[in-house]
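I opened a new model today and kept notes as I went. These are my entries, in the order of looking.

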Amino acid sequence: MATVIVDHQPYQMNPQQNLLHGCLSQGLRLPYFCWHPALGSVGACRQCAVKLFKDEKDQQGRIVMSCMTPAAEGTRISIDDPEAVAFRAGIIEGLMLNHPHDCPVCDEGGECHLQDMTVMAGHDYRRYDFDKRTFRNQDLGPLVNHEMNRCIQCYRCVRYYRDYAGGRDLNAFASRNTVFFGRNQDGVLENEFSGNLVEICPTGVFTDKTLKHHYTRKWDQQFAPSVCVHCALGCNTDAGERYGTLRRVVNRYNHQVNGYFLCDRGRFGYEFVNSERRIHHPLLDGQPISAAVAQHQLAESRAAGKVIGIGSPRASLEANFALRAFVGADRFYTGMADAEAKLAAAMVGILRRGLTRTPSLHEIEESDAVFILGEDLTSVAPRMALALRQAVRQQPLEKAKALGVPLWMDHGVRDALQEDQGPVYIAAPYATRLDEIATATFRAAPDDLARLGFAVAHALDSDAPASGDFPLASEIAHALKTAKRPLVISGMSCGSQALMEAAANVAMAAGAALSFIAPECNSVGAAMMGGCPLTTAFQAVRDGRADTVIILENDLYRRAPAAQVDAFLDAAAHVIVLDHLSTPTTAKAGLVLPAGTFAESDGTLISSEGRAQRFFQVFVPDNDVSPAWRWLKQNSWTSLDDLLAALSRAIPDLAPATYAAPSASFRIAGARIPRSPHRESGRTAVLVNIDISEPKPPDDPDSPLSFSMEGTPDKPPAALIPFFWSPGWNSIQATNNYLEEPGGPVRGGDAGVRMFEPSAVRGPSYFTAVPAAFEPRDGEFLLLPMYHFVGSEELSLAARSLAQLATRPHVAVNPADLAANSELEVRCNGVTFHLPVVNRPDLPRGVAAVSAATAGLALPAWASLVRPQ
Ligand code: SF4
Ligand code: SF4
Ligand code: FES
């Protein structure tokens, strides 16, 4: 650490960082705009000016930008120097000349970095008395709103969007003294991470358009720490509610997981909670009944029938365990289709063996050579794709270091690096969005992708089984071998166990980290819990061993062909479904119980990293919606902690997951953690037409959070942060005040408990089942699942804004195999359906692909594609 003197006081700062970073780490108040810990410094806004002195004798000093000056040993600066103070006040006055001063009608108002910095910099009187420059705003699609007049030209948006996220359709357009930040014409922002503009832009230029539909100020929302349910990566979020509807989701910083950024699916997918498809009351044969009658019916069904339970990889550990306890462990089924359950078990089996480290997203960002086997990351696990866009910079960054360019000096680094990128190899059945950063791509059927993987492992270590001659294998092996932090990524998307085993071999042979992508938010947790797959449940009803079926948060029609599901549900005497959305499965149920979403429940999910993380109830609904585990709870459980204790005893492997967050008894100085900001207004007035007395907030027996603004003002542990706020910092930039340093770990440790660590047993133990080379068949195609950023994942389709961007289900085929331009009839595993056709010359010959989850097909499978007569 370096000693830096700030206004005559010594501070210990990281000499690898700049002075602004160092001052903010120390809690000093220094305004800034263009700097961001994830983006580095460019010195564009001039807002972070300080006075720099040569030595203790220097009384004159000179103005420097603190974000552009290293925090070197012995540096002497002043933030309070009158000239520096006046400089900063002048800068903000200049930046505000054209600002419309429309805070009362701006969605950013009250949580705006520009407001905070204006106050901090002391600009409180407007002298400029002339016309303001104005712009025409653009329609950027259903997710992000544009109001350019509020721009202060800090350039953060384009630096984030283009340099960090790889977007191409947003830019700075300049003419004389006017700079416009937007697209070259109206249109939907193309980048899958566009929503982060809402938090990156320090003003109200880019705001959350989904929030606009039901706008409410930050201080009027009730928040809870949450975990994204739209893929298996487990990004941390904070979700805000008012008047019983979920209003928005914002990023909850976790240094090891999502850092400062979410994908658009995670940020805007929350709208499914407010969907018209929500089930608010219990239904018996389609008719609403009271919660008490529903509970009675459930108990009766268990007592009278031969009952089985079908769990779900999109439900929490708690909900799954409650069902398992309700029906008995031997009558509990995972809710995964057979092939999916087998793959998930294989994946967890490999991870449990601890062959190598499962990296966090932060570690993935720091990887310096990457081999992706069979995954379309941008569509399946989007935040990982964003992490890889940073990973490609790792090897070139070594050159910048060697040149002596500080890594925080963004333009200096980019000038030194130019277009240089580190090695990323992508082997997948079809072209993916991430191919643009790939050193080389390889397209083949899953078995051939696996064979490439085995060949790479063999090239790294001749003890690993060989598979064939792949010219790319030695290049990939060399890149991994010579890297400091190599990484292999694979997963379940191709439906191939051989692919995952090949990836494990490569990771073992290269000493690389290994990341597996699971399909749903709790696939790993469900696989760890165990249980038989779906067709065994079908069989149990067919055999008469079961006549009552309880289905938890699972639309079986996405997992098996309709005819099989129909036969199963029709044969069962009683079908009981707990879910939050109406689905084809709930339509078949005699009794439907309204289950809480992540916003109305507490629960734990295990991410594909193997990180167990807790989400907390955001609000108590004023209807019969209740957490699924509460519908199913044992009499001896009065709170979530009782359930977790029972879970821990019943499945010791899952015991660490029960420590994912502090228990309900946790207090700070005897106080709970408030879900609402301290400025929450109108709590009494809201219900004044009913009662003018202050309503008592609901109790929360399941968490240390209060359903009110009452509680400790201290900063809670990472797993319990409902919103980021500290005095003078009302915007999301307050995040930095919760961290050891901006961009560093959360003070007290990041949220979550890792369930898998590398085993102490050394030495590889290679998988040997090398598949045969793929052989195309005459008249048939190997049908693979194809993933879409919106359209493949179930819940985002019920989010009204995001759903507008969904890719229509289709069948893709190489036109060299089959020339078709409108629709094809697909016959696969006894199921026939029609889909529009999309020509994809990138697909290997003999292979076709359909949008994932189409017709509940277990893929890959052989299919015939026929032009309809
Ligand atoms: S739009 Fe926002 S982020 Fe972009 S330059 Fe303007 S103020 Fe900065
Ligand atoms: S990457 Fe996955 S977990 Fe993260 S925000 Fe997106 S959908 Fe959610
Ligand atoms: S933050 Fe330093 S110049 Fe903008």
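My notes cover a ligand shell, a pocket and some salt bridges.

**Ground rules.** I am reading a predicted model, where local features need pLDDT of at least 70, side-chain atom pairs count only at pLDDT 80 or more, and totals for chains, interfaces and linings use all residues. Residues are numbered from 1 along each chain as its sequence is written, chains are lettered from A and ligands numbered from 1 in the order in which they are written, and side-chain values use heavy atoms, with hydrogens and water left out.

**Ligand 2.** I looked up the residues around ligand 2, counting those with a heavy atom within 4 Å of it. They include Cys-228, His-230, Cys-231, Cys-235 and Cys-263. Pro-382 and Arg-383 are also among them. By class, I noted 6 nonpolar, 3 polar and 1 charged residues. Here Ala, Val, Leu, Ile, Met, Phe, Trp, Tyr, Cys and Pro count as nonpolar, Asp, Glu, Lys and Arg as charged, and the others, Gly among them, as polar.

**Largest pocket.** Its volume is about 1200 Å³, taken as the space filled by probe spheres set on grid points joined across faces, edges and corners. A pocket is an open set of points, on a 1 Å grid over the protein atoms alone, where a 1.4 Å probe fits, with protein on both sides within 12 Å along at least five of seven lines; lining residues have an atom within 4 Å of a point. Of its 44 lining residues, Gln-17, Pro-37, His-362, Glu-366 and Leu-407 are the closest to the centre. Which helix gives the most to the lining? I found H14, with 4 residues. Helices are DSSP runs (H or I) of at least four residues and strands are runs (E) of at least two, numbered from the N terminus. The lining divides into 17 nonpolar, 15 polar and 12 charged residues.

**Salt bridges.** I count a side-chain nitrogen of Lys or Arg within 4 Å of a carboxyl oxygen of Asp or Glu. The total is 47.

Asp-220 pairs with Arg-242 at 3.7 Å, N to O. Asp-220 lies in the loop between H6 and E10 and Arg-242 in E11, so the pair ties together parts 22 residues apart in sequence. Are they buried (under 20% relative accessible area, 1.4 Å probe, protein chains only) or exposed (over 50%), with partly exposed in between? Asp-220 is buried at 11%, and Arg-242 is buried at 16%.

Arg-754 meets Glu-609 at 2.7 Å, N to O. Arg-754 sits in E29 and Glu-609 in the loop between E25 and E26, so this pair joins parts 145 residues apart in sequence. Shared partners link Arg-357, Glu-363, Glu-609, Arg-611, Arg-754 and Glu-757 into one network.
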